[in-house]
Amino acid sequence: MCLTITVAGHIAQGQKGQKMTRHMASAMVLALFVSFATGHTDQAHSSTVGVAKTYQGMTEGKHTGSLSKLLKVNPRKTPWCAAFANAVLKKSGKKGSGSLTAKSFFGWGSKVTSPRSGDVVILRFKGGYHVGFFVGRKGGQVLVIGGNQSNSVKVTAYSAKSVVQFRRG
């Protein structure tokens, strides 16, 4: 059985009888802040971004076991942004891309030009592609929550120029 706490449309989940972790509490506080700051309270946001935020602050070094269980890969040995996106989508009741590559999300859902919080974001850098979930915009940047962002789960501001596509499933 799973305990779900919803605050202003954002969720934190844990097993029945489990104490709320520091990460879950932090995720709820950040979710509230982001919802008030960006005005995003839609269902996509509360499911994918809310689920992603329950893992915020976890690092591949300190939380290898927990992340490995979630991702089904060792985050210290495997690039894991796509594994994280797939795990979050699954926990949100959606089907993922089924692949460990960020590029696999080009075939997931439908391409959109006006992203909503919770949409998948595919970014391109010199080293390759990255995938995460759109949270909002700040100036010329997009705010993305995802895995393997500086070896952790966190919200990162990326240049809007690095965005290749937004996808909605």
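This is a predicted model: local features need pLDDT of at least 70, side-chain atom pairs count only at pLDDT 80 or more; totals for chains, interfaces and linings use all residues.
Contact here means heavy atoms within 4.5 Å. Asn 86 sits in helix 4 and is buried, its relative accessible area being 14%; the cut-off for buried is under 20%.

Which residues does Asn 86 contact, once its neighbours within four places in sequence are left aside? They are Gly 96, Ser 97, Gly 98, Ser 99 and Phe 105.

## Helix 3: one face in, the other out

Helix 3 spans residues 64–71, and Thr 64, Leu 67, Leu 70 and Leu 71 are buried in it. Viewed down the axis of helix 3, these buried residues fall within an arc of 135°, so they line one face of the helix.

Just after helix 3 comes Lys 72, with a positive phi of about 65°.

## The nonpolar cores

The largest nonpolar core has 29 residues. Inside this core, the residues with the most contacts are Leu 71, Trp 80, Phe 84, Phe 105, Val 131 and Phe 133. Two or more residues each come from helix 2 (43–53), helix 3, helix 4, strand 4 (120–125), strand 5 (128–138) and strand 6 (141–146). Helix 4 gives the largest share, eight residues. Apart from this core lies another, of nine residues, among them Val 112, Val 142, Val 163 and Phe 166.

Trp 80 deserves a look of its own. Not counting residues up to four places away in sequence, Trp 80 touches a list of residues that includes Leu 67 and Leu 71, both of them buried residues of helix 3. Also among the residues it touches are Glu 60, Val 73, Pro 75, Gly 147 and Asn 148.

## Arg 167, a buried charge

What is the nearest side chain of opposite charge to Arg 167, and how many Å away is it? Arg 167, placed in strand 8 (residues 163–168), is buried yet has no salt bridge. The nearest side chain of opposite charge is that of Asp 119, 9.8 Å away.

A polar atom of the Arg 167 side chain does lie 3.1 Å from the backbone oxygen of Phe 106. Residues up to four places away in sequence aside, Arg 167 touches Phe 105, Phe 106, Gly 107, Trp 108 and Gly 109, among others, including Asp 119, Val 120 and Ile 122.

Notes
Residues are numbered from 1 along each chain as its sequence is written. Side-chain values use heavy atoms; hydrogens and water are left out. Buried means under 20% relative accessible area, exposed over 50%, partly exposed in between (1.4 Å probe, protein chains only). Helices (H or I, at least four residues) and strands (E, at least two) are DSSP runs, numbered from the N terminus. The arc is that of the directions from the helix axis to the C-beta atoms. A nonpolar core is a set of buried Ala, Val, Leu, Ile, Met, Phe, Trp, Tyr and Cys residues joined through side-chain atoms within 4.5 Å. Lys and Arg count as positive and Asp and Glu as negative; His and the chain ends are not counted. A salt bridge is a side-chain nitrogen of Lys or Arg within 4 Å of a carboxyl oxygen of Asp or Glu. A polar contact is a pair of N or O atoms within 3.5 Å; within protein, one must be able to donate a hydrogen and the other to accept it, and residues adjacent in sequence count only if both atoms are side-chain atoms.
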